[in-house]
Structure formats: structure tokens, C-alpha cells
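Here is a short briefing on a two-chain model. Look it over first, then read the points below.

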Amino acid sequence: MNQHLLSIHDLSAEDVVRILDTAESFREVGTRVIKKVPALRGRTVVNLFYENSTRTRISFELAAKRLSADVINFSTSGSSVAKGESLKDTALTLQAMGADAIVIRHSSSGAPLTLTRWVRGSVLNAGDGTHEHPTQALLDLYTIRERLGRLEGLRAAIVGDVLHSRVARSLSFALVKMGAGVTLVGPPTLIPPDAPAWGVDVSYDIGAVLPKLDVCYMLRVQRERQRQQYFPSVREYARLFGLTRERVGMLPEGALIMHPGPMNRGVEIDSDVADLPQAVIEEQVTNGIAIRMALLYLLLGGAGAEAGEAA
Amino acid sequence: MRSDRDALPHARPGVPSSRGAPQPTRILDGTEIRRAITRIAHEILERNKGAEGVVLVGIAARGDDLARRLAHEIERIEGTALPVGVLDITFYRDDIGMRAEAPEVHETRVAFDVNGKTVVLVDDVLFTGRTIRAAMDALVDFGRPRAIQLAVLVDRGHRELPIRADFVGKNVPTRKDEQVRVALEEVDGEDAVVVEEPIGMGEDG
């Protein structure tokens, strides 16, 4: 594995399997009374979040703490960043303090890659702009593999605001890498024009896609990222692309309903649909901790970085 | 610390040995391993005055297979089926960050309460003692056993920590750079314990 995790493209299919298998062991740790192992004692993990995020930050924080690493949460409001410090100076400061890993979320695509130029530790991308969110994709793969027993040959649809979704990009790349078929579904204005180059299909008709699916992945409508009017009204969007009770009936038996959270109940997913047994949204959250433990362990558990530098 | 497992000769194909092909010496064959396990099963029952309150926890990999064999023997002798758990000590190793890659992780499954129990840890080879130190740390994260005992198939010496086994299949004097390899039917297709000359670069335990 590389020293950093910036994109799903950094990983081979073999790496993905190794990460999922390692996460399996860490999920067992999460079932113990003492949910903590000493694996990363003395290592320092910094959560550097330039965008608000509760669930991803907490998940990374919990993952690092369960590995006995020391965790520093650096959020931009009320910090030196609010005083005008640049990403570079923040990075150099964290470097000088001896951070072994920096988990970064940033509104600009490519910020994590830029960060790797200034720090010696590992950089983990926790979501950058509209680029990628690889740890979300990996926890989704874990959840799917656990529920359906495999990834290869599965058919998945990713429905909604694909254009603004780093989750959709990472998950599409990851599913295609593992041999699953992916269809992107949404209004034409919210499907990126380069989507066919990802190795996925595109459809504008959710009704035609649902009956053939193993996984139906609903995306949040990210109104905060939309800089123009992409669809006439939220009500129309919900009617055309929302996962309603009626549409759930069109899914084959055993198909999973997934959502990266936070949900807009009543927009992309009906409230009672989110609570159905085939909706595995809470499992995704639980598995997220195990995946992030596995990644921190694999990236920090070896002497690879220093050894590589010395060579 | 687990170089006996981690650096198995067959896991490093194509590494030429300057001393030519190593000549493995067979220490135990299938029948002898079976007898050793039967004897250890009797010793565990004798020491603990029966099977009451005793649980077996094997250290992955191969210690768990030996623990299951011991449980089978004890059930045959005493008619009591002891709970068997498997422990992966990777997260408790003292050399994390010293190897190039993070060590591979195996399954841990201790599906019973260890509080107040006599836990017999089971491993294939006792060498530096570091694996056992890690296993005891892992075990106490699951609760507070009444006692921890140690059963090993082979004790090859060269301890680096003050640890000794309660039950030993066979004491085997070795040189520190030799490899002791335990093969078990369940994973390797045959039962055997062999001592081999080191292959390639020596790796310490």
C-alpha cells in the first residue's frame, strides 16, 4: 500500500481486499467490553477538518482512540486558520509537532494531495471538494461484502446528485475496481459529463433500473454545494428520483438500500424507507469505525514510510 | 518474535541458500504429536482437578488448531466439552512499527466469559516468550481470569522474557538461528515438527 490514501485509484484490488479483511478483525474489537487495543500506542493522529463534519470526524477519532493513538482534533473555526493561517503553515506546524498521520477534510479538491508535499506522515483523505471520499467507499464495500458475501458481479445504482458527490466518485471507482456493475441515476443536470469514462452506465429513469439491482445507493441532495438551479423544485426531485415505499417494491428481494448520511428524509429517501430492515445505513456507520481502524493500522503499523525515505 | 511462523521457509520461495538445500530434522511425527496432545490433556485435567472452570484459548495460527485437538481429547477422557477460543496477538505485539509492513491480522474469537476461569493458552512453539506476553495482555482485555496456564507443543528455549510453559509436548534444544516449523493436518495437510537450517538472511526472534 502507498504511504497515503488520497484516492481509490491509490489502491489495487488486492489492497482493497486486505483492507476489508483487516477491518473484519477490528470489528471484533468493537464488540468487546474493552474496545481498545494497544496497536498504535505513541502514534499521533491529527484530524484536520476545514469543512464541518460530525460523523466522519467522530468516526476517525474513535478509530484512532481504539488503536490507542493520541488524537488531536483541529477544526478551523476558532483556530489559527480563522486568523488567516495558510494550509501550508498549518501543515508545517503539525509536522513540527510530530504528527504521524493527518486526516484531512477540505472544500477544495486536491487539498490532501497538496498536503503530502509538506508533511512526512501519512495523509488520509476524509473528503476533498467534489473529488473523492475513499474511506466512505471502503466502508460501503465492507458493508456490501458482509451482507451479500461478494462484490464481483453485483449490480449497484448510485442515485441522485452525482455531480457534487465525492462519495459517488469514490464508490463508483471502487465498485468497478472490484468487478461490480454501476449505474449512475439522476437528472441529466446532476450526472457528470465524463461519467462514461469511469466505466459506469448512466440512466435518467430510476424505475427502469431498480428491478435489476443488488444495491441501491441513495445520495444526499447537496444543496450547499449547488451553485445554480439544477432541478425545478425539491418536490419534483423527490417525485422523480426519491426512494419511496412504492419504488422499494420494485427492488429484487435481498437488495440493499444504502445512504452515506446525513439523510434528507422525505427528499432522496422516504422516512419509513430509511428504517426498513434492508436499509443498512446504521451498519455503514458502525463499519466505518472498523474500516478507519484498519486503514490507520495498515498505514501506521509498519515502518514503511521511514524505511522508504531512508532508501 | 514469531519468526518461526512468519518466516517459514515455504513462504519465501526462490530465496537461494548459500549453504545449499537445508536438511530438515524431524523432531516429532504424527503419532508422537498425537501422544503429546493426549498426555497434555491428562496433565491439564490432573493439574486443575478436572475440567471444571477450564477454558482453552489458542494463539493463531496453529495454536487454535492445537487447542481444538486438546478440547477433543479432554472431552474423550472426561466427557466435558471445554470452550475453545482463538486469539490473534497482532495488535499487542511489541514490534509494531519496527517491521517494514504492518503485520497481517488474523481472527480473534473469544465467545465466552473469561472472568474467574482458568485459561489454558495454547501455542505451537515457545521461543522468546514475546508472543505469550502479548497473548496475556490481549487476554486480560477480555476479563480477569482466575489463572492463566500455558501449553505448548514444542519448547525450543532462548527465552527473552521470564515466561515458562506449564505443559510441554517436547523440549527441543535448538540454535537460535534455526527454524522450528510445526505442520498440522488442519492447515498444512500433515502433522510434523521439523528443525531447519536458516534460509537466506537470519531473522531474529
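With 28 C-beta neighbours inside 10 Å, A:R292 counts as buried. A residue is buried if 20 or more other C-beta atoms lie within 10 Å of its own, exposed if 12 or fewer, and partly exposed in between; the C-beta atoms are placed from the backbone. This is a predicted model: local features need pLDDT of at least 70, side-chain atom pairs count only at pLDDT 80 or more, and totals for chains, interfaces and linings use all residues. Residues are numbered from 1 along each chain as its sequence is written, while chains are lettered from A and ligands numbered from 1 in the order in which they are written.

**Around A:R292**

- A:R292 sits in helix α11 of chain A. Helices (H or I, at least four residues) and strands (E, at least two) are DSSP runs, numbered from the N terminus.
- Leaving out residues up to four places away in sequence, A:R292 touches A:S59, A:F60, A:A63 and A:T135. Two residues are in contact if their C-beta atoms, placed from the backbone, lie within 7 Å.
- A:R292 and A:R18 are 274 residues apart along the chain, and their C-alpha atoms are separated by 13 Å.

**Chain A as a whole**

- Chain A contains 12 helices and nine strands.
- Its radius of gyration, taken over C-alpha atoms, is 19 Å, close to the 19 Å that the globule rule gives for 311 residues, so chain A is as compact as a globular protein of that length. The globule rule is 2.2 Å times the number of residues to the power 0.38.
- The C-alpha trace of chain A spans about 55 × 40 × 35 Å along its principal axes.
- Of the 311 residues in chain A, 47% count as buried.
- Take the contacts in chain A between residues at least 6 apart in sequence: 74% of them join residues at least 24 apart.

**Two domains in chain A**

- Chain A is assigned domain 1 (8–132 + 286–305) and domain 2 (134–281). Such bounds come from an automatic or database domain assignment.
- The contact between them takes 22 residues from domain 1 of chain A and 19 residues from domain 2 of chain A.
- On the domain 1 side, α1 (13–29), β4 (122–128) and α11 (281–300) of chain A each supply at least two residues that touch domain 2.
- That side of domain 1 divides into 10 nonpolar, eight polar and four charged residues. Ala, Val, Leu, Ile, Met, Phe, Trp, Tyr, Cys and Pro count as nonpolar, Asp, Glu, Lys and Arg as charged, and the others, Gly among them, as polar.
- The centres of domain 1 and domain 2 of chain A, taken over C-alpha atoms, are separated by 26 Å.

- Chain B has five helices and eight strands. From the N terminus on, its elements run α-β-α-β-α-β-β-α-β-β-β-α-β.
- Of the 205 residues of chain B, 41% count as buried.
- Between the chains, 16 residues of chain B are in contact with 15 residues of chain A. The chain B side of this contact divides into eight nonpolar, three polar and five charged residues.

**Helix α2 of chain B**

- Helix α2 (residues 30–47) of chain B has 18 residues and reaches 26 Å from its first C-alpha to its last, close to the 26 Å expected at 1.5 Å a residue. The expected span is 1.5 Å times one less than the number of residues.
- Which residues of α2(B) are buried? They are B:I33, B:I37, B:I40, B:A41 and B:I44.
- An α-helix has 3.6 residues a turn, so residues three or four places apart point the same way.
- The face of α2(B) turned away from its buried side carries the exposed residues B:T31, B:R35 and B:E46.

**Backbone exceptions**

- Most residues other than glycine have a negative phi, and most peptide bonds are trans.
- B:K49 is not a glycine, yet has a positive phi of about 50°. B:K49 lies in the loop between α2 and β2 of chain B and counts as exposed, with 9 C-beta neighbours inside 10 Å.
- A:S68 is not a glycine either, and its positive phi is about 70°. A:S68 is partly exposed, with 15 other C-beta atoms within 10 Å.
- A cis peptide bond joins A:G261 and A:P262, with omega about -10°. A:P262 lies in the loop between β9 (256–258) and α10 (271–274) of chain A.
- The peptide bond from B:A60 to B:A61 is also cis, with omega near -10°.
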